[in-house]
Amino acid sequence: MFIPSLEEIQAMPDFTPDRPMRVLASACLAGEPCGVDGTSYGEYPEVLKLINLPNVKHVRSCPEQFSFGIPRRMPDIHGGNGFDVLDGKARVITDHGDDWTEGFLKAAQEMLQIALVNKVDLAVLMNMSAACGTLFISDGCRMVPQEQRKYQKGPGVCAALLIRNGIKVISQRDYKTLDFIFKKLNPQHALNPSLTDLHEIDWYLNYFR
Ligand code: SF4
């Protein structure tokens with residue numbers, strides 16, 4: 001599993017300001033207006049709280065901005081998920097029908113290099129993105145009426161490359177795992193047993209059962 005377990009989090013080193021947890025964040029989650037529409041897609045307080053802890057050092061990356069700039073068309077994966085794109089079995093197509101697969105593969109390599117150079121302990125990525133999505137993504141173009149939207153299991157292209165290189169990845173909605181990480185970073189943190197990760201929410205369980 002690419003999401004770190006409680007045991008894996010507990011086995012991590014004790015993080016201090018001198019040896020901080022090194023986190024790679026999707027730049028939009030860190031507040032950068034790098035989305036397709038030039039926004040950050042809203043605020044994600046848990047991620048901001050994490051990356052601003054004194055014993056956390058973060059680096060950020062927007063792989064789509066790297067290859068396509070801001071603003072840009074809406075890309076989605078057709079014919080598979082991010083692993084399939086890496087394997088040449090699926091393509092990244094924009095809502096205008098342009099094939100962005102090559103740019104996505106370059107962007108994934110760029111994000112991986114940032115992760116490796118900075119020796120990150122963890123990546124916190126934006127759910128659902130064709131680049132950064134972790135657990136599930138759109139199945140084909142998302143710019144269709146809501147009742148026609150389809151989803152598929154699997155990560156986006158850049159998340160897939162991070163996972164294949166052994167990097168632990170969570171989304172901003174994996175609240176239970178984020179809570180475990182907060183406990184690791186601050187032993188005084190009180191765990192909240194009511195929190196769930198994305199794969200435990202009713203919508204996910206019902207849609208993919
Ligand atoms: S989800 Fe990833 S690719 Fe999309 S705007 Fe955020 S950082 Fe950029």
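Is Lys119 buried or exposed? With a relative accessible area of 57%, Lys119 is exposed. Please keep in mind throughout that this model is predicted.

## Backbone spots to look for

You will find Lys119 in the loop that runs between helix H5 (101-117) and strand S5 (122-125). Its phi is positive, at about 50°, although Lys119 is not a glycine.

Tyr41 also has a positive phi in a residue other than glycine, with a value near 65°. Look for Tyr41 in the loop between S1 and helix H2 (45-51). Tyr41 has a relative accessible area of 34% and is therefore partly exposed. For another kind of backbone feature, turn to the peptide bond from Ile70 to Pro71, which is cis, with omega near -10°. Pro71 belongs to the loop between helix H3 (63-68) and strand S3 (75-78).

## The ligand and its pocket

Now for the ligand. Where does the ligand sit? The ligand takes up the space of the largest pocket. That pocket has a volume of about 390 Å³. Its lining is made up of 27 residues, and those nearest the centre of the pocket are Tyr41, Met126, Asn127, Ser129 and Arg142. So the Tyr41 you met above, with its positive phi, turns up again here. Sorted by class, the pocket lining holds 16 nonpolar, 6 polar and 5 charged residues.

Which residues are closest to the ligand itself? Of the 15 residues that surround the ligand, Cys28, Cys62, Glu64, Met126 and Cys132 are the closest. The shell around the ligand comprises 9 nonpolar, 4 polar and 2 charged residues.

## One cavity

How many cavities of 30 Å³ or more does the whole structure have? The search finds 1. The largest cavity holds about 30 Å³ of space. To locate this cavity, select Arg22, Val23, Lys57, Val59, Asn118 and Val120, which line it.

Strand S1 (21-26) and strand S2 (56-61) each give at least two residues to this lining. By class, the cavity lining counts 3 nonpolar, 1 polar and 2 charged residues.

How many disulfides does the model contain? The count is 0. Cys141 is in no disulfide, and the nearest cysteine sulfur, in Cys132, is 18 Å away. Cys141 counts as partly exposed, because its relative accessibility is 23%.

Cys158 is buried, with a relative accessible area of 1%.

## Helix H6

The buried residues in H6 are Val157, Cys158, Ala159, Ala160, Leu161, Leu162 and Ile163. Just after H6 comes Gly166, which takes a positive phi of about 80°.

Ala30 lies in the loop between S1 and H2, and Ala30 is buried, with a relative accessible area of 9%. In sequence, Ala30 and Leu125 are 95 residues apart, while their C-alpha atoms are 9.9 Å apart in space.

Glu200 is in the loop between helix H7 (175-185) and helix H8 (202-207). Is Glu200 buried or partly exposed? Glu200 is partly exposed, with a relative accessible area of 27%. Glu200 and Thr134 are 66 residues apart in sequence, and 14 Å separate them from C-alpha to C-alpha.

Methods
Residues are numbered from 1 along each chain as its sequence is written. This is a predicted model: local features need pLDDT of at least 70, side-chain atom pairs count only at pLDDT 80 or more; totals for chains, interfaces and linings use all residues. Side-chain values use heavy atoms; hydrogens and water are left out. A disulfide is a pair of cysteine sulfur atoms within 2.5 Å. Buried means under 20% relative accessible area, exposed over 50%, partly exposed in between (1.4 Å probe, protein chains only). A residue is near a molecule or strand if one of its heavy atoms lies within 4 Å of it. On a 1 Å grid over the protein atoms alone, a cavity is a set of points where a 1.4 Å probe fits but cannot get out, and a pocket is an open set with protein on both sides within 12 Å along at least five of seven lines; lining residues have an atom within 4 Å of a point. A molecule sits in a cavity or pocket if more than half of its atoms lie within 2 Å of its grid points. Ala, Val, Leu, Ile, Met, Phe, Trp, Tyr, Cys and Pro count as nonpolar, Asp, Glu, Lys and Arg as charged, and the others, Gly among them, as polar. Helices (H or I, at least four residues) and strands (E, at least two) are DSSP runs, numbered from the N terminus. Grid points are joined across faces, edges and corners, and a volume is the space filled by probe spheres set on the points.
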